[in-house]
Amino acid sequence: MTRTADLLRKVFVASRPISWPNTAFPFAAAYFLTAGVVDWKLVVGTLFFLIPYNAAMYGTNDVFDYESDLRNPRKGGVEGAVLDPSLHRPVLYLVWGSCVPFVIALVLGGGPWSWVVLAVSLFAVAAYSVAGLRFKEKPVLDSITSSTHFVSPALYGLVLAGWAPGGSAVVTPDDAAVGVSVLCAFFLWGMASHAFGAIQDILPDRAAGIDSIGTLLGSRVTLGLVLVCYTAAGAVLLVTGGPVRWTGLLAIPYLLNVAPYLGVRDETSERTRPGWRRFLWLNYLTGFAVTLTMIGLSLGI
């Protein structure tokens, strides 16, 4: 019983509870705004992307990143666990096994397009970390894959609700344009956020022989890319019609958060850690603002 409790505690820490809303909220928002109802698919999907999805994503990462995590001072708290090798197999069985009942239910409740999106989403979760694929060690692809982790739940929510060829949702050209703009902006935000997080890990990653967008481009160029992506994400939304365009202003706090580190060098890259910690909490502020926008959209404001 003690070993089971310890395993569950480790998986809980590994799943990054502080980041759970980053995947559950996009799914729930996309599904509800498209379907306009609260049904079992919304509930099951939200629970899946809240806990099992994050446990699989981050638990797998902490298993295969064990050697580098030993050298990484930010591991062992809200940003992940250092998992003893004796726990690696049980953790993988637990986190992926917990996904199975949810995936079965969602597959039964969806159609071919939703199956494809869900498969891509789960593949990205595994491919980022597992040996033999390790997309996290392929610079630029690492940021693309990480962004997919967060954008794919939103896309899945749209498709599951009928936003697909032959789907049940009524999608006007304007709706489609707004949806594509939001997904593109979200993807740029995801790439920027991953790249910013990679800067603080440049030194431990190099010590462990791990390639990343940060180790490839260096701290200054990577930070420049972060600024470009955040700015582009905001710009894409600002040129979108309707109240959604005002969410483009939410890029400003992210730009202000990374701006103090414009002079960072590789040897001082760990100094960006406070900015990363602020980023984790900043997501709750922006999530609140997006929620207010959703309420306005649902009320026709």
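The following legends describe views of a predicted model of a helical protein.

**Figure 1. Overall architecture of the predicted model.** The protein contains 13 helices and 0 strands. Read from the N terminus, its elements run α-α-α-α-α-α-α-α-α-α-α-α-α. Of the 301 residues in the protein, 50% count as buried. Among contacts between residues at least 6 apart in sequence, 75% join residues at least 24 apart.

**Figure 2. Segments annotated as transmembrane regions.** The unreviewed UniProt entry assigns the annotation "transmembrane region" to residues 29–51, 91–109, 115–135, 147–164, 176–199, 220–240, 246–264 and 279–299. Residues 147–164 are 78% helix and 0% strand, with end C-alpha atoms 21 Å apart.

**Figure 3. Packing of helix H2 against helix H8.** Helix H2 comprises residues 21–35, and helix H8 comprises residues 141–160. Their axes lie 7 Å apart at an angle of about 20°. Angles under 35 degrees count as roughly parallel, and H2 and H8 are therefore roughly parallel to each other. The crossing of H2 past H8 is right-handed. On the H2 side, the contact involves Asn-22, Thr-23, Pro-26, Phe-27, Ala-30, Tyr-31 and Thr-34. These residues meet His-149, Phe-150, Pro-153, Ala-154, Tyr-156, Gly-157, Leu-158 and Leu-160 of H8. By class, the contact of H2 with H8 has 10 nonpolar and 5 polar residues, and no charged residues.

**Figure 4. Contact between helix H3 and helix H4.** Helix H3 spans residues 40–50, and helix H4 spans residues 52–64. The axes of H3 and H4 come within 3 Å and cross at roughly 25°. H3 and H4 are therefore roughly parallel to each other. From H3, the residues in contact are Leu-47, Phe-48, Phe-49 and Leu-50. Their partners in H4 are Pro-52, Tyr-53 and Asn-54. By class, the contact of H3 with H4 has 6 nonpolar residues, 1 polar residue and no charged residues.

**Figure 5. The two helix contacts viewed together.** Two packed helices are described by the angle between their axes and the distance between the axes. For H2 and H8, the angle is about 20° and the axes are 7 Å apart. For H3 and H4, the angle is roughly 25° and the axes come within 3 Å.

Notes
Residues are numbered from 1 along each chain as its sequence is written. This is a predicted model: local features need pLDDT of at least 70, side-chain atom pairs count only at pLDDT 80 or more; totals for chains, interfaces and linings use all residues. Side-chain values use heavy atoms; hydrogens and water are left out. UniProt positions are given in the numbering used here, feature names are shortened, and annotations may be inferred rather than shown by experiment. Helices (H or I, at least four residues) and strands (E, at least two) are DSSP runs, numbered from the N terminus. Axes are lines fitted to C-alpha atoms, for helices over the stretch in contact, and angles run from 0 to 180 degrees between N-to-C directions. Angles under 35 degrees count as roughly parallel, over 145 as roughly antiparallel, 65 to 115 as roughly perpendicular and the rest as oblique. Contact means heavy atoms within 4.5 Å. Ala, Val, Leu, Ile, Met, Phe, Trp, Tyr, Cys and Pro count as nonpolar, Asp, Glu, Lys and Arg as charged, and the others, Gly among them, as polar. A crossing is left-handed if the near helix is turned anticlockwise from the far one by less than a right angle, and right-handed if clockwise. Buried means under 20% relative accessible area, exposed over 50%, partly exposed in between (1.4 Å probe, protein chains only).
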